Amino acid sequence: MLDAAEKRLYEFKEDLGFLSPIQIVRKHIIFGECCMLSQREYFDLRSEVADHFGLHPNEVLVVGSTKLGFSVAPNKRYRPFRDTSDIDVALVSSTLFDEFWKEVFRYRYEGPYWPEYKDFVHYFFRGWIRPDKLPQSAMFSFRENWWNFFQTITNSGRYGGYNIRGGLYKSLFFLQNYQKICIQACINNLEENNADISNE
């Protein structure tokens, strides 16, 4: 008899063989319950983040191992959510993204040296902003607001005491397609394993 975590992973792996990557992203990441938060906690977290940034709760999603119950990142593939895991929150807002973009543009041409610039661009080109890649500068009021807010809700302990981190996506298109990269890697891994078994 499979426990709840094993069942989730089994169903996910089963879908890898039948659904397209984008269908898997939508079924397991965009829609459905959040495995590691209760329905109430998930609603409250999305609402709290949305209220703070002036968004609709539908523009706030939990992703990663908190959502699935396990990771799909290549270096942590299928590792269960654990006490040291973060709660990864994705904000999806073209308006908020553009506000960050304006500050990025100004800093790039008016600010001092930015050591994380290449790392920032790597994600920015894929349609999302990682605030930890922004320089610590008074020119980035959004960065300070961002970090203070997520640290405050982490410290509140309302969501299990886990570190809560946020990323900002330009649109659902970019969120889905970024998530699809890891899903496609899972499909490729499954196909390679199946090929190895058939060749034995």
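Student: What volume does the largest pocket have?
Tutor: This is a predicted model, in which local features need pLDDT of at least 70, side-chain atom pairs count only at pLDDT 80 or more, and totals for chains, interfaces and linings use all residues. Residues are numbered from 1 along each chain as its sequence is written, and side-chain values use heavy atoms, with hydrogens and water left out. A pocket is an open set of points, on a 1 Å grid over the protein atoms alone, where a 1.4 Å probe fits and protein lies on both sides within 12 Å along at least five of seven lines. With the volume taken as the space filled by probe spheres set on the points, which are joined across faces, edges and corners, the largest pocket has about 990 Å³.

Student: Which element gives the largest share of the lining of the largest pocket?
Tutor: The lining (residues with an atom within 4 Å of a point) holds 37 residues, and A73, K76, D88, W128 and Y178 are the closest to the centre of the largest pocket. Helices (H or I, at least four residues) and strands (E, at least two) are DSSP runs numbered from the N terminus, and those supplying at least two lining residues each include helix 4 (64–68), strand 2 (87–92) and helix 8 (172–198). The largest share, 5 residues, comes from strand 4.

Student: How many charged residues are in the lining of the second largest pocket?
Tutor: The second largest pocket has about 200 Å³ of space, and R8, E11, K27, H28 and C35 lie nearest its centre among 13 lining residues. Helix 1 (4–16), helix 2 (21–30) and helix 4 each give two or more residues to this lining. Counting Ala, Val, Leu, Ile, Met, Phe, Trp, Tyr, Cys and Pro as nonpolar, Asp, Glu, Lys and Arg as charged, and the others, Gly among them, as polar, the lining has 5 nonpolar residues, 2 polar residues and, in the charged class, 6.

Student: What is the order of the strands in the open sheet?
Tutor: Two strands pair if DSSP finds at least two bridges between them. Strand 1 and strand 2 pair in the antiparallel sense over 4 bridges, strand 2 and strand 4 in the parallel sense over 6 bridges, and strand 4 and strand 3 in the antiparallel sense over 2 bridges. Strand 1 (60–63) and strand 3 (128–129) are the edges, each pairing on one side only, and the order of the open sheet is 1-2-4-3.

Student: Is L16 buried or exposed?
Tutor: L16 is found in helix 1, and its contacts beyond four places in sequence are I24, Y78, I183, C186, I187 and L190. The C-alpha atoms of L16 and I187 are separated by 5.7 Å, although the two residues are 171 residues apart along the chain. With a relative accessible area of 4%, L16 is buried.

Conventions
Buried means under 20% relative accessible area, exposed over 50%, partly exposed in between (1.4 Å probe, protein chains only). Contact means heavy atoms within 4.5 Å.
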